[in-house]
Amino acid sequence: MSVPVSLQNLRIPVIGAPLFILSNPDLVIAQCKAGIVGSFPALNARPPALLEEWLKRITYELAVWDEANPTALSAPFAVNQIVHKSNDRLQHDLELCVKYRVPIVITSLGAREDLNAAIHSYGGLVFHDIIHVHHAKKAIEKGADGLIAVCAGAGGHAGTLSPFALVQEIRSWFDGPLVLAGAIANGRSVLAAQAMGADLAYVGSAFIATHEANASPEYKQALVDGVASDIVYTNLFTGVHGNYLKASIINAGLDPDNLPQSDPSKMNFSSGGNAAAKAWKDIWGCGQGIGVIDSVVTTQQLVDRLTDEYYATKALLCKRVFG
């Protein structure tokens, strides 16, 4: 399996997943300084002009960090682009990604050759979110460099396939960079993702319960208090199936056990205060891995925990195998 050079020296093979509304420069910069890939959705920067300010700040602060810490360089960062036709600011946001030479662009809800070519023009990488092998093959055919397999249990928009099933099917024909998403919230799970055939793990929900994330104290505490059975899978709020915290659905006056189906054709990612953004402010996205979240911590503390667990598990397995 081939891992791009820029991702070979991460402290731990983890990408901090882009969290709609919640990921901001504070979180991304903290993730990169801690040694993992930090990311954010371009749509989080509202109005659109704010995106350039975010990119300026992130690139500047990481450059300053690298100059001061030559033996502990920051990890690259990523920007998530929604390629769905209703995203009327995609071209604007793409041009800024090219201008600031964003190291990694994560594409979702559509794959486009011209977008991939634009990122490749300066040496950037494109990773594409997929939930089925059909989508994966299309993404690679259109020039994506890597895939993010969003499996059952992932927070936000997620698929229903077991990671065992989806990863093995992808690996039967694709030997490039593969990231696995789905209920990964500790270092043991990161190592397990690699054992299954992925190169890196996608960790999202655990970072919501950090000081840097743009989530309310109530949202963060709900993750601390919650377990896997508190997650509801529905397409009601955005038109795309996703996982959400049951408590937030109840707080919104809805019955989580009797939610109607939404019309996928109504999905909207336009720049003008879309319904999805309004829904996600009160309806809290979350994955099934929250059972290991027991406190709200700094991003550095979370990455430290993931790293300790990852290497401790690796050492234990080596001892079991080699004695």
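Q: What does the cover of the buried residues of α12 include?
A: This is a predicted model in which local features need pLDDT of at least 70 and side-chain atom pairs count only at pLDDT 80 or more, while totals for chains, interfaces and linings use all residues. Residues are numbered from 1 along each chain as its sequence is written, and side-chain values use heavy atoms, with hydrogens and water left out. Helices (H or I, at least four residues) and strands (E, at least two) are DSSP runs numbered from the N terminus, and buried means under 20% relative accessible area, exposed over 50% and partly exposed in between (1.4 Å probe, protein chains only). With contact taken as heavy atoms within 4.5 Å, the cover of the buried residues of α12 includes α1 (25-34), α7 (187-196) and α8 (205-208).

Q: How far does helix α12 reach from its first C-alpha to its last?
A: Helix α12 covers residues 299-322, which makes 24 residues. The expected span of a helix is 1.5 Å times one less than its number of residues. For α12 the expected value is 34 Å, and the computed reach is close to it, at 34 Å.

Q: Which residue follows α12, with a positive phi?
A: Among the buried residues of α12 are Thr299, Leu302, Glu309 and Thr313. The residue that follows the helix has a phi near 80°. That residue is Gly323.

Q: Which residues have the most contacts inside the largest nonpolar core?
A: A nonpolar core is a set of buried Ala, Val, Leu, Ile, Met, Phe, Trp, Tyr and Cys residues joined through side-chain atoms within 4.5 Å. The largest one has 76 residues. Apart from it lies another core, of 19 residues, with Ala17, Ile106, Ala181 and Tyr202 among them. In the largest core, the residues with the most contacts are Leu55, Phe77, Ile170, Phe207, Leu223 and Leu245.

Q: Which residues is Ile170 in contact with, leaving aside its neighbours within four places in sequence?
A: Ile170 is one of the residues with the most contacts inside the largest core. Once neighbours within four places in sequence are left aside, its contacts are Ile130, Val133, Leu147, Ala149 and Leu178.

Q: Why is strand β6 largely enclosed by the rest of the structure, and how many of its residues are buried?
A: Gly146, Ile148 and Val150 point one way from β6, whereas Leu147 and Ala149 point the other way. In a regular strand the side chains alternate between the two faces of the sheet. Residues on both sides of β6 are buried. Strand β6 (residues 146-150) is largely enclosed because the number of its residues that are buried is five of the five.

Q: Which residue of β6 is the bridge partner of His128?
A: Two strands pair if DSSP finds at least two bridges between them. Strand β5 (residues 125-130) runs parallel to β6, and four bridges join them. The bridge partner of His128 in β6 is Leu147.

Q: Which residue of β9 stands opposite Ile15?
A: Strand β9 (residues 200-203) has Leu200 and Tyr202 pointing one way and Ala201 and Val203 the other, all of them buried. Strand β1 (residues 14-16) pairs with β9 in the parallel sense over three bridges. Strand β8 (residues 178-181) is also parallel to β9 and joined to it by three bridges, with Leu180 and Ala201 as bridge partners. Opposite Ile15 stands Tyr202.

Q: What is the angle between the planes of Trp173 and Phe174?
A: Rings of Phe, Tyr and Trp (its six-membered ring) pair if their centres lie within 6.5 Å; planes under 30 degrees apart count as stacked, over 60 as edge-to-face and the rest as tilted. The whole structure has five aromatic pairs. Trp173 and Phe174 form a tilted one, 5.6 Å centre to centre, with an angle between the planes of 45°.

Q: How many disulfides does a search of the whole structure find?
A: A disulfide is a pair of cysteine sulfur atoms within 2.5 Å. The sulfur of Cys97 has its closest cysteine sulfur in Cys32, 14 Å away, which is too far for a bond. Cys97 is buried at 1% relative accessibility, while Cys318 is partly exposed at 39%. The number of disulfides found is zero.
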